[in-house]
Amino acid sequence: MKTETKNKKILILHGWDASPEDHWFSKAKELFEKQGWVTFIPQLPGNYFPKKDDWLKVIEDLQVDENWVLIGHSLGGVAILKYLEIAKKPITQAILIATPFEEMEFTPIQNFFENDFDWKMIKNNCPRFDIVNETDDSVVDLEDGKKFEKALSGKLHILPGYSHFHSIDLGFLEKLIKGRLSG
């Protein structure tokens with residue numbers, strides 16, 4: 001309902017070497033905007049060799065606050081967590097989809113994992129975390145989701161699949177967000 005989502009915003013961050021046109025991102029944006037959400041899916045810089053600081057600047061420039069839900073796919077989820085370490089204002093909810101918990105020995109993204117996560121600061125800046133993993137993801141192991149669930153005191157959602165969420169049930173994603181509007 002548009003009245004419930006007034007001033008509410010969603011930020012969807014794609015993962016490594018991806019774009020806003022990939023996977024399910026643009027269909028999610030269309031769905032959320034029909035419901036009255038202002039939805040952003042920026043093209044994050046760096047393509048194959050992204051820099052954490054450049055991605056964090058994109059988030060900072062949007063001036064996210066308590067009216068925002070942040071959704072990150074894969075490395076986009078790591079960027080959300082790194083942003084929450086330095087955020088000046090808390091956000092409403094973070095949804096981490098197929099997000100790696102630790103360095104993957106993959107040179108192009110190692111700069112995102114140079115420092116350990118500051119769990120206390122992350123949790124201070126976001127009261128609600130939903131962690132979404134597939135049963136047999138081809139890139140990010142289900143154990144990563146279990147580690148996030150524990151570290152963030154979040155809710156782990158395990159869905160069948162192995163495609164690293166190149167597609168997702170948008171109704172499921174919508175339910176995760178709607179379940180958070182009322183409290």
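This is a predicted model: local features need pLDDT of at least 70, side-chain atom pairs count only at pLDDT 80 or more; totals for chains, interfaces and linings use all residues.
User: Where in the chain is Glu60?

Analyst: Glu60 sits in helix H2, residues 52-61. Helices here are DSSP runs of H or I with at least four residues, strands are E runs of at least two, and both are numbered from the N terminus. Residues are numbered from 1 along each chain as its sequence is written, and side-chain values use heavy atoms, with hydrogens and water left out.

User: Why is Glu60 called partly exposed?

Analyst: Its relative accessibility is 34%. Buried means under 20% relative accessible area and exposed means over 50%, with partly exposed in between (1.4 Å probe, protein chains only). Glu60 at 34% lands in between, so partly exposed is the label.

User: What makes Glu60 part of a patch of negative charge?

Analyst: Glu60 gathers with Asp53, Asp54, Glu103, Glu105 and Glu114 on the surface. Patch members have over 30% relative accessible area and no salt bridge, and like charges are joined within 9 Å (for nonpolar side chains, Val, Leu, Ile, Met, Phe, Trp and Tyr, it's within 5 Å). Asp and Glu count as negative, Lys and Arg as positive, and His and the chain ends are not counted. The charge is placed at CG of Asp, CD of Glu, NZ of Lys or CZ of Arg.

User: How do you know that Lys29 forms a salt bridge with Glu33?

Analyst: The rule wants a side-chain nitrogen of Lys or Arg within 4 Å of a carboxyl oxygen of Asp or Glu. The closest N and O atoms of Lys29 and Glu33 are 2.8 Å apart, so the pair passes. Both residues lie in helix H1 (residues 25-34), four residues apart, about one turn of the helix. Lys29 is partly exposed at 27%, and Glu33 is partly exposed at 34%. By this rule the count comes to seven salt bridges.

User: Why are Glu85 and Lys82 called buried?

Analyst: Glu85 has 18% relative accessibility and Lys82 has 3%. Both values are under 20%, so both residues are buried. Their side chains meet in a salt bridge at 3.7 Å, N to O. Glu85 and Lys82 lie in helix H3, three residues apart, about one turn of the helix.

User: What makes the pairing of Gln93 with Asp130 a polar contact?

Analyst: A polar contact is a pair of N or O atoms within 3.5 Å; within protein, one must be able to donate a hydrogen and the other to accept it, and residues adjacent in sequence count only if both atoms are side-chain atoms. The side chains of Gln93 and Asp130 meet at 2.8 Å. A polar atom of the Gln93 side chain also lies 3.3 Å from the backbone oxygen of Leu176. Gln93 belongs to strand S4, residues 93-97, and is buried at 0% relative accessibility.

User: Why is Thr92 called buried?

Analyst: Thr92 has a relative accessible area of 15%, under the 20% cut-off, so it counts as buried. Its side chain reaches the backbone oxygen of Glu66 at 2.2 Å.

Notes. Accessible areas come from the Shrake-Rupley method with a 1.4 Å probe; for residues, only the protein chains shown count as cover.
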